[in-house]
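Good morning, everyone, and thank you for making time.

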Amino acid sequence: MHTLYRFLVRRGLRLSAVHPTTLIGLPGTISRDLITGRDCFIGFNARIGPKVQLGDYVLIGPGVLFTGDDHNFRTVGTPVIFSGRPPLRPTVVDDDVWIGARAIILSGTRIGMGAIVAAGSLVNKDVPDFAIVGGVPAKVIGRRFESEADQDAHRAALATGDFERRRVARKKLAPSAP
Ligand SMILES: CC(C)(COP(=O)(O)OP(=O)(O)OC[C@H]1O[C@@H](n2cnc3c(N)ncnc32)[C@H](O)[C@@H]1OP(=O)(O)O)[C@@H](O)C(=O)NCCC(=O)NCCS
């Protein structure tokens, strides 16, 4: 069932670089150039602007916003709306990142492997591997693993794919009626 759903979403949204195992909850506004690795999940009401790349096993909560890039706002004599945009910077989310509900990710940032972005955070700088970040702007509030050895063991498990897989979406993907 999910296989058909995934296929229809990819086709309907014309997502040619989304991996067939990625599950996207609708409604959502997803740029057609989105790239994903295997086994990603994007919660409903996501808004993903251009030039975003997700690694493998990325989990994105509901209502997450990848902003797209800035407008030129320092052109004297021209309103922002007519000033155009700077070149678009890529936004990269590495493997096994969890982005909590309604987080905002600014363009040009990189979220490192295994990192967690707390619900409602604003990410405006790169996030180190395995950091837990939270707040506006997001700061490191914790570490996912206690030791370097645990991080290395986790990296190795991700590389081999040798771990138990539980389903992310147990119920329907669409939001319930008010
Ligand atoms: C980040 C999170 C995973 C908790 O991680 P944790 O390591 O257990 O963190 P703690 O609860 O111990 O909190 C550590 C600190 O971060 C702060 N913090 C926790 N969540 C935060 C958030 N969303 N925004 C800002 N600060 C936050 C806590 O207040 C605490 O600060 P303090 O030390 O000054 O008291 C959790 O708060 C969260 O945001 N989960 C996302 C849930 C979600 O979006 N689910 C949708 C389904 S995908």
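This is a predicted model: local features need pLDDT of at least 70, side-chain atom pairs count only at pLDDT 80 or more; totals for chains, interfaces and linings use all residues.

**Strands, contacts and a pocket**

Let me begin with strand 12 (residues 116-117) and strand 14 (residues 131-134), which pair in the parallel sense over two bridges. By pairing I mean that DSSP finds at least two bridges between two strands, and the strands themselves, like the helices, are DSSP runs numbered from the N terminus, with at least two residues (E) for a strand and at least four (H or I) for a helix. Within this pair, the bridge partner of Val117 is Val133 in strand 14.

Residues are numbered from 1 along each chain as its sequence is written, and side-chain values use heavy atoms, with hydrogens and water left out.

Strand 14 also pairs with strand 15 (residues 139-143), this time in the antiparallel sense and over four bridges, and there Ile132 stands opposite Gly142 in strand 15. These two strands form a hairpin with four residues between them, in which Gly135 takes a positive phi near 100°.

Where do these strands belong? They are part of an open sheet of seven strands in the order 1-3-6-9-12-14-15, with mixed pairing, whose edge strands are strand 1 (23-24) and strand 15, each pairing on one side only.

Strand 5 pairs with strand 8 (residues 91-93) in the parallel sense over three bridges, and the partner of Val52 in strand 8 is Thr91.

Is Thr91 buried or exposed? Thr91 is buried, with a relative accessible area of 2%, where buried means under 20%, exposed over 50% and partly exposed in between, using a 1.4 Å probe and protein chains only. The C-alpha atoms of Thr91 and Ala103 are separated by 14 Å, and these residues are 12 apart along the chain.

Turning to side chains, Asp96 is found in the loop between strand 8 and strand 9 (98-99) and is buried, with a relative accessible area of 14%. The Asp96 side chain makes a polar contact with the side chain of His154 at 2.6 Å; such a contact is a pair of N or O atoms within 3.5 Å, where within protein one must be able to donate a hydrogen and the other to accept it, and residues adjacent in sequence count only if both atoms are side-chain atoms. Glu164, in the segment after helix 2, counts as exposed at 63% relative accessibility, and its side chain makes a polar contact with that of Arg166 at 3.5 Å.

The structure holds two aromatic pairs. One of them, Tyr57 with Phe163, is edge-to-face, at 5.3 Å centre to centre and 85° between the planes. Tyr57 lies in the loop between strand 5 and strand 6 (59-60) and Phe163 in the segment after helix 2, so the pair ties together parts that are 106 residues apart in sequence. For the terms, rings of Phe, Tyr and Trp (its six-membered ring) pair if their centres lie within 6.5 Å, with planes under 30 degrees apart counted as stacked, over 60 as edge-to-face and the rest as tilted. Tyr57 is buried, at 14% relative accessible area, whereas Phe163, at 30%, counts as partly exposed.Finally, the largest pocket has a volume of about 740 Å³, and among its 25 lining residues the closest to its centre are Asp39, Tyr57, Arg165, Arg166 and Val168. On a 1 Å grid over the protein atoms alone, a pocket is an open set of points with protein on both sides within 12 Å along at least five of seven lines, and lining residues have an atom within 4 Å of a point; points are joined across faces, edges and corners, and a volume is the space filled by probe spheres (1.4 Å) set on them.
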